[in-house]
Structure formats: structure tokens, C-alpha cells
Amino acid sequence: MPATADLVCPDLARLFEAVDHCVLVHDARTKDILWANPAARTALGFTLDELKPLKAPDMSSNAAQYARHIGVAWLQRAADEGRSRIEWCYRSKTGTDILSEALAKRVELSVGPVVMVQFRDIAEEKATRRDLTRTEARLQAFLRNLDEGIVVLDDDGRIVFAGESAGILLDRDPDAMLGTDFTEFLAADSSAVLRDVLKDTSRGGRPTDTRYRLSVPDGAGGGPDRWFAARCQYIDIENDLRGLLLLFHDITDTVHTEEEHRRDAQYLNHLARYNAMGDMAMAIAHEVSQPIAAAHNFVAGALGRIDDTPEPGSLRWGLDHATRQLERATTILSSLRAYVVRLEDAKQSADVNDIVADCAYFVDVRARAHQIAVRWERTAADLPVSCEKVLIGQVVMNLAFNALEEMARWPDEPGQVTIATRRDADCAEVEVRDTGGGLPASSDGRIFDGVFTSKGNGHGIGLALSHRIITRHGGEIEAFPNSPRGTVFRFRLPLRGAAGAAGSGDAGGSGS
């Protein structure tokens, strides 16, 4: 056994004293401790003389994996093979366990071979590693179960990272996707959009939300073409992962629903115009028949007088009246033509008073047919709105015609229909009041749902259309009892320039 005094010269001792790592020197044959540097003595709490006679059980944890025969075998491997590493739990004089990473090396000294052990406390490092492992496991579990796909693209659009959820959404192996140009998955129009996003984000642009149409393999669900909503943001994680972070999720069902809503809105607009033309046709058929019949009678009378009356004045009288009746028919047709040419499918600036005035002629025609009085109460205040004029006009006529037909059911009772406009805060308001039988108790709030009607031959589509038209313009429509009897229908539209008017629904957009 080498003598302790022969192991370390004064200069070398001073060097070891400056080392922060703990150092123990064991006899290569007996495994006895020959020497310990100050760092080891401080950590273990023993003096050098106290350390020398100690064996593994005296300075190691009691756990089975730190038994003496395991420690001796570890030191023997270092003596036989030159070096050996182990995780060892030393125990200090006070009983504190010191989880350590220990490296044993065989060193040939002039006095004989020894095994030098260097060890350091890794308890905190071990705890940190466990926390990182646990965090990574949780993160992996979260990523696997995300509904959103995650990919990172380089400046050329190639995939440098792909999460498992991205592979599931695209029906591809995430590892096989690495290095692939992501635009290969996109339809041509969406590919161009992504290229523009890559340029913007590489210049430090703000995060963007975009829709992409991806062409994915059959069997991935929903057919070969699917839609994804993606949020894009540039990331640079300590030079380890840099590029465009793309978070995307499947919105195919949402896009299909929006397309159905657009088709529904187009159909409703068509139906509203169809109803408007039907109303106009009925009004014109009623009105034009009268002047044409009168003109026919005047002409017939004039012809009959040609032989019986030598006075040309009576002929001129009949023909003049016939001409006037035909001019009246022409005026009616011109009014219809002026209405029809306004059936444009676009919003425009209009005054609600003007829209109501345009409807007055046709409402009065229907009222005269039923012999019902109509009272007009139009405000003098301006009511500027942004709307599709013919659709709002159709709502006015729908409500007015409903009121007239309701009043026609009570011919023996006096009453009238009142159509009023007013300004209410930031809204233009139109109100149609009748003094009929009122809303039936069976309506139960379903008056605008498309199936309610109080008419024996009605289908309720007029009120449903009115509701859809008003709500798509950002307004609201309601019905409630009139006093002392009857019903009030009232709708409001946001005034142009009023708060919230700019963000109101578009007449051509999806229905509410």
C-alpha cells in the first residue's frame, strides 16, 4: 500500500486544494481510502484521518444499489480497465445523502497504482432533468392530442418541423414530411397566398390568420380537397428552430356551411325579388285593366256615334277620354318599369322615407281594392341608411299587404292601416299598424320562423323573408299587439354613419 505522505507533494497538494470537484484516492488493490482533497472532506464532513478507515457502508446511502460489493466492483473495473463511471449516493457524516456522478480512474504513481475518484453533487441537476423529462412527456402528449397541426417552414417553404397532429391532419408520416415543400400540399391559389405570407413574415411581419385549401390524399376524410384555417408567425428559438410557425386546423365543414348560407342568401334574394314582381304584377293587372276597359268603352261609344251623330264634337269627346285612359295605363306601366330597374343586387345610400314613398302607390292600389283606409305618417326628419332599396321596399309592402288582408277579414268593423316612419336614436324606424284581430295565441313566438301564417291559403314565407332581409341589413324586426286591438309590426335599420352601422350585415351575405 502506498504511504499517504508519498502521494502528494506540497505544490500538488495546493493544486488539489483549489479544485472544486471532490477527489478521493483509493488503493488499487485494497480499495482503502488513501487521501481526500479539501472539497471532498468538506462535502462529506469527515477529516482525512476519519475517512481513511471508512468502508462503503460507512459513507454511502443504505439503498440496495449502493451496497459495498457494487462499489468495490466499480472501483475494480477502473483498476482493471483504466476508468469507470457510476451514479453513486454518498452519505455525509451528518447523514445527508449526496447523489453524485463519480468517475474512477486508474493512475500509476511511482509508489504504485491507485484509483482516483472524482465526484460531484448532481441532485439538483437530476431533479432538473426529471422535470424536463416530465415536461417534455406532457408536451408530447399535448402535441399528439392537439386538434391543430403544427409545422415550421424555412424561408423557402420547406418543412423543418412537423408535429404528430400535422401528420394526422394531412394523413402523412411527420418524419417523412421533413424537407418537403409545404406548398405541394396546397391548391394553386392557396400556394400563392402562402408564398406572400412567407415573404411578409421573413421581413418581420405581424402574425396573420389565413385560409388555405389543401389537397390531401383520399381517405383522409372529407374528400381530396379540404380547407384549413392557419395562423402564421415567425419564430427563432435560440438558433435551434427558425422559420414560419404554422398552426392550422380543419374548417372544411365550416366552409361548406358558409357556402350553403351563401346559396341560401342568393335564393332568398331571388325569392324576395320574385315576390316583389308578383305583388307588382297583381297591382298592375288590377290598375291597368280599369283604364284599358274604360278606353275600350270610350272608343266603342265613339264608333257607335259616327253613324248616329253628325256632330264631330261628340266623337272628339269620346276619343279624348279614351286617350286619357290609355295615358293613365302608360303611367302605371312606367311606374312598374321604374321599380323594376331598381332591382340591383347591391347596397346603396337611400332615405327610408323615399323607400316608403315608392311603395305608397302599390299599397294604395291594394287598399282601394279592399276599400280600406290607409294613413301615412312619414317623419320630416332625414332617415339615411345603407341598404338594398328593393328588398327594404319589399318588407314594407309585405307588412302593409298583410295588414290590409287582415283588415279585409273584418269588413263590418271600421278601421284603418297606419304606416309610419320615425327616427329613434341611431335607427330609422318603420311601423305598420292595423286594427284587425291581432296575433293569434298559437303564434307562440314563431311569427318569423317561416311556417307561421294566419291566412287560410298562406305559407308564412313573407314574414320569414322580411326577417331575413332586415337582420342581414343589421336591423331588427318585431311584432306586438296594437291598442286597443290589432297588431303592430315594426322594423329598425341603423342610420348611415351611426355607431355599428358600418359593421352591419351585408344584404348579399349569409343569413342570420
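The structure is a predicted model, in which local features need pLDDT of at least 70 and side-chain atom pairs count only at pLDDT 80 or more, while totals for chains, interfaces and linings use all residues. Residues are numbered from 1 along each chain as its sequence is written, and side-chain values use heavy atoms, with hydrogens and water left out.

The chain holds 14 helices and 17 strands. Both are DSSP runs numbered from the N terminus: helices are H or I runs of at least four residues, and strands are E runs of at least two. Of the 512 residues, 41% count as buried. Buried means under 20% relative accessible area, exposed means over 50%, and partly exposed lies in between (1.4 Å probe, protein chains only). The accessible surface of the chain comes to about 27,100 Å². Carbon and sulfur atoms account for 51% of this surface. Areas come from the Shrake-Rupley method with a 1.4 Å probe; for residues, only the protein chains shown count as cover. Contacts (heavy atoms within 4.5 Å) were sorted by separation in sequence. Among those between residues at least 6 apart, 58% join residues at least 24 apart.

Strand S1 (22–27) is mostly covered, with six of its six residues buried. Cys22, Leu24 and His26 lie on one side, and Val23, Val25 and Asp27 on the other. Both faces are covered. Pairing requires that DSSP find at least two bridges between two strands. S1 pairs with strand S5 (residues 112–121) in the antiparallel sense over six bridges. Within this pair, His26 has Val115 as its bridge partner. S1 also pairs with strand S2 (residues 33–36), again in the antiparallel sense, over three bridges. Here Val25 is bridged to Trp35. S1 and S2 form a hairpin with five residues between them. In its turn, Lys31 has a positive phi of about 70°.

Strand S14 (residues 416–424) pairs with S15 in the antiparallel sense over seven bridges. Asp424 has Cys427 in S15 as its bridge partner. The hairpin of S14 and S15 has two residues between the strands. S15 is also joined to strand S17 (residues 487–494) by seven bridges, and these two strands run antiparallel. Ala428 stands opposite Leu493 in S17.

Rolling a probe the size of a water molecule over the atoms shows where empty space is left. A cavity is a set of points, on a 1 Å grid over the protein atoms alone, where a 1.4 Å probe fits but cannot get out. Grid points are joined across faces, edges and corners, and a volume is the space filled by probe spheres set on the points. The count comes to two cavities of 30 Å³ or more. The largest cavity holds about 230 Å³ of space. Its lining comprises 18 residues, each with an atom within 4 Å of a point. His26, Lys31, Lys55, Ala56 and Leu75 lie nearest the centre of the largest cavity. The elements that give two or more residues to this lining are S1, helix H4 (56–59), helix H5 (68–81) and strand S3 (83–91). H5 supplies the largest share, five residues. By class, the lining has 10 nonpolar, four polar and four charged residues. Nonpolar covers Ala, Val, Leu, Ile, Met, Phe, Trp, Tyr, Cys and Pro; charged covers Asp, Glu, Lys and Arg; the others, Gly among them, are polar.

Several backbone exceptions were found. Most residues other than glycine have a negative phi, and most peptide bonds are trans. Gln371 has a positive phi of about 55° although it is not a glycine. This residue lies in the loop between helix H12 (352–370) and strand S12 (373–377). At 76% relative accessibility, Gln371 is exposed. Ala425, in the loop between S14 and S15, also has a positive phi of about 55°. Ala425 is exposed, with a relative accessible area of 61%. A cis peptide bond joins Ser483 and Pro484, with omega about 10°. Pro484 lies in the loop between strand S16 (476–481) and S17.

Note on methods: 1 Å grid on protein atoms, 1.4 Å probe; cavity = no way out; pocket = protein on both sides within 12 Å on 5 of 7 lines; lining within 4 Å.
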